[in-house]
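This report works through one model, from strand pairing to annotated positions and the pocket. Please keep the sequence and the structure in view while reading.

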Amino acid sequence: MKLIVGLGNPGKQYANTRHNIGFMILDELAKSWGISFDKNKFNADYTIAYYNGIRYLLIKPTTYMNLSGEALRKFYDYFEINIDDILVVYDDLDTKTASFRLKAKGSSGGHNGIKSIISHLGTENFNRLKIGIDRPTPPMKVVDYVLGKFTKEEMNEIEKIYKKSINAIEDFSKMNIVELMNKYN
């Protein structure tokens, strides 16, 4: 089983904000597979699907970003997921808007959702799909920027990477993270 976790914040006020790009990518994936997040458990909306003969568990924690690790850990334990079968999709300030980077492990880079996951899993060794949102232009504060909505121009660019992101997630069923990085990075 592959566990794909999209990070974001629940609630309509956070829809289409930069910090919710993980939710947005998973919503697009679910739409392309003809499924929906129709279940709620362990403080997350989730669904189970099959792709390429592999069972996928897609989750969107409803704990708010800074507590994402709580929900992830509960699913990880309940379904006895192998750490190599986890892929976390989230926003990254250090990557250009509308680009992405796959990564096998690493620090939180200051991202509170990733800090929470590292804390709850007890390791930095989990796979990531980092979606670029760029950094704010001073004097804008980072918190205001990540909780701000994408501009129309940014959304046009973000929509262009949906398919590539979905392809990378689908390839995760048949490739290890090194192969994925070589193909997409």
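## Pairing of strand 7

Arg101 stands opposite Lys130 in strand 7, and the two strands concerned, strand 6 (residues 100-103) and strand 7, pair in the antiparallel sense over 4 bridges. Strand 5 (residues 86-92) is joined to strand 7 by 6 bridges and runs parallel to it, with Tyr90 opposite Lys130. Strands here are DSSP runs of E with at least two residues and helices are runs of H or I with at least four residues, numbered from the N terminus, while pairing requires that DSSP finds at least two bridges between two strands.

This is a predicted model, in which local features need pLDDT of at least 70 and side-chain atom pairs count only at pLDDT 80 or more, whereas totals for chains, interfaces and linings use all residues. Residues are numbered from 1 along each chain as its sequence is written, and side-chain values use heavy atoms, with hydrogens and water left out.

## Burial of strand 7

Strand 7 (residues 127-132) is largely enclosed by the rest of the structure, because 6 of its 6 residues are buried (under 20% relative accessible area, with exposed meaning over 50% and partly exposed in between, for a 1.4 Å probe and protein chains only). In a regular strand the side chains alternate between the two faces of the sheet. Both faces of strand 7 are covered, with Asn127, Leu129 and Ile131 buried on one side and Arg128, Lys130 and Gly132 buried on the other.

## Annotated positions

An unreviewed UniProt entry places the feature "binding site" at Tyr14, Tyr64, Asn66 and Asn112; such annotations, given in the numbering used here with shortened feature names, may be inferred rather than shown by experiment. From this set, Asn66 and Asn112 belong to the lining of the largest pocket.

Tyr64 is found in the loop between strand 4 (54-61) and helix 2 (68-78) and is partly exposed, with a relative accessible area of 42%. Leaving aside residues up to four places away in sequence, Tyr64 touches Gly8, Asn9, Pro10 and Tyr14, contact meaning heavy atoms within 4.5 Å. Asn112, in helix 3 (residues 112-121), is partly exposed at 37% relative accessibility, and with the corresponding sequence neighbours, up to four places away, not counted, Asn112 touches Met65 and Asn66.

How values were computed: On a 1 Å grid over the protein atoms alone, a cavity is a set of points where a 1.4 Å probe fits but cannot get out, and a pocket is an open set with protein on both sides within 12 Å along at least five of seven lines; lining residues have an atom within 4 Å of a point.
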